[in-house]
Amino acid sequence: VMPYINGRLWDPRNASWREEKAAFACAKDSEGHKYVEVYASKVELAIMCPTTALWQGKIADTVKRLISEYGVNAVYIDQISAAPAKLCYDAGHPHIPGGGDFWVRGYRELLAKTRAKARAVDPEAVLTTEDAAEPFADLLDAFLMCNSTKDWLVPFYPAVYSGHSLTFGRYIFREDMAEIDAFASKVGQMFVFGAQLGWLAADILEPSFAESANYMKRVAKVRRAATPYLALGELVGFPVFTPELEDISTSWYMMNPVHDFKIEPLFPIQMPQVIGSVWRADDSSLGVVMTNLGSETCTCTWSLDEPATKASPKGLVRVQRYEEGQRFDEGQFPAAKLSITAELPPHSARLYTLIAI
């Protein structure tokens with residue numbers, strides 16, 4: 001259970017704002033005015049300065065209460081890795097007025113205090129935030145990649161930090177669930193990028209979304225089997241598919257701030273019908289995951305790209321296939337010349353494991 005709090009904003013309408021004198025701790029512009037942001041709730045929210053003892057203590061104590069009094073397992077602290085820093089000119093804060101490194105430094109202090117209080121109550125307590133940011137990777141356990149809902153994405157962050165940082169989730173709306181190509185491409189790309197699947201509501205259980213729900217279930221089963229690779233392993237390359245695959249074309253839905261955060265098909269998406277990635281586990285075995293995003297069966301041959309080949313076990317490897325809850329033995333192959341023919345049913349997912357003999 002992971003409730004939401006905001007690690008950056010305080011509502012000035014709250015009694016706590018007045019009682020705790022929060023105005024002192026908010027970030028201020030060069031005229032001494034508080035910065036304000038407005039989101040879909042249409043409420044004016046004040047941006048807090050992360051260097052202040054009041055704000056650091058507020059977040060740390062809130063997280064501690066949630067874990068100790070309510071028994072939650074994790075706390076999502078919104079915006080820390082996602083929202084931009086502000087130039088704070090309040091001379092009463094513990095930083096030089098204006099710019100500098102204080103924003104990152106302040107949040108590192110805030111997260112260190114929060115983590116210490118959380119772990120004192122529950123040594124396995126988890127802290128997460130919105131988006132991934134390198135300065136906080138050692139102080140947070142996972143990152144909600146909701147803003148990675150755009151076209152032309154590459155898995156740069158997991159390529160660098162897989163095995164050290166976990167990623168999860170993406171915006172998924174009813175409009176996506178209603179269009180299998182949009183849904184499958186959003187979820188399928190998350191899958192091959194190594195992210196934990198989600199961020200969606202229980203709407204997926206409605207009968208009208210059965211096609212999307214079935215795809216999600218198939219992919220989730222494979223991801224669970226691929227935990228040593230996708231969650232705990234290292235992204236090392238990509239399968240090379242031949243012949244060249246057909247593309248699927250769709251649009252991804254996203255909230256449009258220009259139109260009062262209305263959910264609209266903002267991003268045109270074009271992807272190969274089959275996508276995949278290659279991961280190395282701690283035992284040096286390779287896991288190759290792939291998914292057919294399309295509504296037609298795809299028969300193709302896959303091999304390893306050069307980085308994945310260099311990372312693979314040497315000599316002969318035993319190849320096993322996992323799909324639909326079952327494992328199948330594909331046989332023994334020389335790792336350097338691996339070539340496997342695959343027939344992928346529509347909206348399917350599978351895992352191949354390559355283990356040295």
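**Helix packing and cavities**

Analyst: The axes of helix 6 (residues 180-192) and helix 7 come within 10 Å and cross at roughly 10 degrees. Axes are lines fitted to C-alpha atoms, for helices over the stretch in contact, with angles from 0 to 180 degrees between N-to-C directions. Helices are DSSP runs (H or I, at least four residues) numbered from the N terminus. This is a predicted model: local features need pLDDT of at least 70, side-chain atom pairs count only at pLDDT 80 or more, and totals for chains, interfaces and linings use all residues. Residues are numbered from 1 along each chain as its sequence is written, and side-chain values use heavy atoms, without hydrogens and water.

User: So how are helix 6 and helix 7 oriented to each other?
Analyst: Helix 6 and helix 7 are roughly parallel (angles under 35 degrees count as that).

User: Which residues of helix 6 meet helix 7?
Analyst: Ile 180, Phe 183, Ala 184, Val 187, Gly 188 and Phe 191. Contact means heavy atoms within 4.5 Å.

User: New topic. How many cavities of 30 Å³ or more are there?
Analyst: The search finds 2. A cavity is a set of points on a 1 Å grid over the protein atoms alone where a 1.4 Å probe fits but cannot get out; lining residues have an atom within 4 Å of a point.

User: What volume does the largest cavity have?
Analyst: About 70 Å³, the space filled by probe spheres set on the points. Its lining includes Trp 279 and Phe 193.

User: Which helix gives the most to the lining of the second largest cavity?
Analyst: Helix 7 (residues 210-225), with 3 residues.

How values were computed. 1 Å grid on protein atoms, 1.4 Å probe; cavity = no way out; pocket = protein on both sides within 12 Å on 5 of 7 lines; lining within 4 Å. Helix = DSSP H or I, 4+ residues; strand = E, 2+ residues; numbered from the N terminus. Parallel < 35°, antiparallel > 145°, perpendicular 65-115°, else oblique.
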